[in-house]
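I opened this notebook to look up how charged side chains pair with one another. The sequence and the structure come next, and my entries follow them.

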Amino acid sequence: MITNIITRFAPSPTGYLHIGNIRSALYSWLYARKNNGKFILRIDDTEYNKLNKKYSDYILYSLEWLGLYWDDRVYYQSDRIEKYLSIINYMLSNNLAYKCFCSIDRLNNIRNICIKKGLKPKYDNFCRNKNFNYKNIPYVVRFKNSLSGNISFNDFIFKKIIFNNNQLDDFIIQRSNGAPTYNFCVTIDDYDMSISHIIRGEDHINNTPKQINILKSLKYNIPKYIHLPIILDENKKKISKKNFLFNIKNYIYNGYLPVSILNYLLNLGRFYMNNKFNNIYEMKYINNLFDLNKSPCIINNKKILFLNKYYLNNISYKKIKFYFKYFIINNKIYLNNIKNLDEIISFILIRSYLIKDIVDFCLIFNNKIYFNPLLILKYSNNNSLLILLYLYKNIFNLLIWDIKSINLCIKKLIKKFKKIKIDYIFKILHFFITGKEFSPNIIKIIFLFKKKNILIRLKYCIKKYLLKK
């Protein structure tokens, strides 16, 4: 077994985590746990203008919800600014970096010239060996990149990757406002935290040679790199934190199970996608963790939804109740007046795809129910009044409360109003009892209401919506 494995997940708090971020966190967590190592959580929050404590807090909340617990304390880059600046000063003193006083206009001009020539835009190293030290003129600090040779690294998935140093420019490591940049900060952090394996998305491959060159210049150890193939949406566009459909808040809000999301992500892009694990701790025993296709992965939310339905019907009822309670507390939903809640959940469970589906069905049995005004106009007529009055009378006279008795009651109603289409009769019943035009077995729903409560619901609808005032 490999020893001293330390991985990290280092998101920026610029929005809610999306499915690609979660995938990187999952693989980092799994590789550490698989090798009896450590998993570090670091919040890369040096971009002051984008910093948002709400997002930082939700990152922690999301990982806890998924079960991706980290080791040690949470690290914040914003706590380490002095460290970064001290190393930048060291690099300036040792000719590893330099101050660049070039104006924005000059930099834009260089960029335009490169584009016209069909070249990749890059800095022309004008300030590299000038030793300028102007006062009261803004400057950035640039890393003194090697002008020749190659940088190569062996990626676990993409194999050997080679960059020519002449493809890179002297990139900025400190902005004109004094803030250190992303590539510099993460490099110093990864060294200080003894990160052995950096597992992240394929879109970071171009950052890797920059980070390796910084490490080499400081004579630091270089970690191993694993870049996960990029995830695209169903239109083959890169997903982002701005797309609510693929961010973790959406999945939590709609009542997905963590095990469904994690199973989907673990199998995404894998050559053999038939693994189903009951919990995250089983996942660490998967063989060939990084046996992934190099091609971009196309996310399919329908598959996640069907996988969620599978787990809703294959995990213990105790866990279902845990996630159910978690959902209603998190969304401030109150269902305290429903005494036969377990019976109702058990009925709707097999028909549900999400915890939200279960909760929405349970809300039908609450004292208060929302009726769509447009549907009230559609069904508020004399036929509805007569049907509900007849149903109320027959249910009131029932001596035995069971499915058979309720079924007979409905059959009498249909026979009584034989001139009205059966389909329309059922729509009336569905709407005034559940608030919806369509719902599962209305006879079972009436039974689940219990006699007292269904009479209250029918009486309320008759008085409020059907009797002419």
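The entries below go through the salt bridges, pair by pair.

Entry 1. I note at the outset that the model is predicted, and that my search of the whole structure returned 18 salt bridges.

Entry 2. I looked up R42 and found its side chain in a salt bridge with that of D190, at 3.0 Å from N to O. The two residues lie 148 positions apart in the chain, R42 in strand 2 (residues 38-43) and D190 in helix 5 (residues 182-192), and I recorded both R42 and D190 as buried.

Entry 3. I turned to K321, whose side chain meets that of D342 in a salt bridge of 2.8 Å, N to O. This pair joins helix 11 (residues 317-330), which holds K321, to helix 12 (residues 341-349), which holds D342, across 21 residues. Are the two partners buried or partly exposed? K321 is buried because its relative accessible area is 17%, under the 20% limit, whereas D342, at 38%, counts as partly exposed.

Entry 4. K450 sits in the loop between helix 18 (442-449) and helix 19 (451-466), 107 residues from E343. I recorded K450 as partly exposed at 30% relative accessible area, and E343 as partly exposed at 29%.

Technical notes. Residues numbered from 1 in each chain as written. Predicted model: local features only at pLDDT ≥ 70, side-chain atom pairs only at ≥ 80, totals over all residues. Heavy atoms only, no water. Salt bridge = Lys/Arg side-chain N within 4 Å of Asp/Glu carboxyl O. Helix = DSSP H or I, 4+ residues; strand = E, 2+ residues; numbered from the N terminus. Buried < 20%, exposed > 50% of the residue type's maximum accessible area, 1.4 Å probe, protein only.
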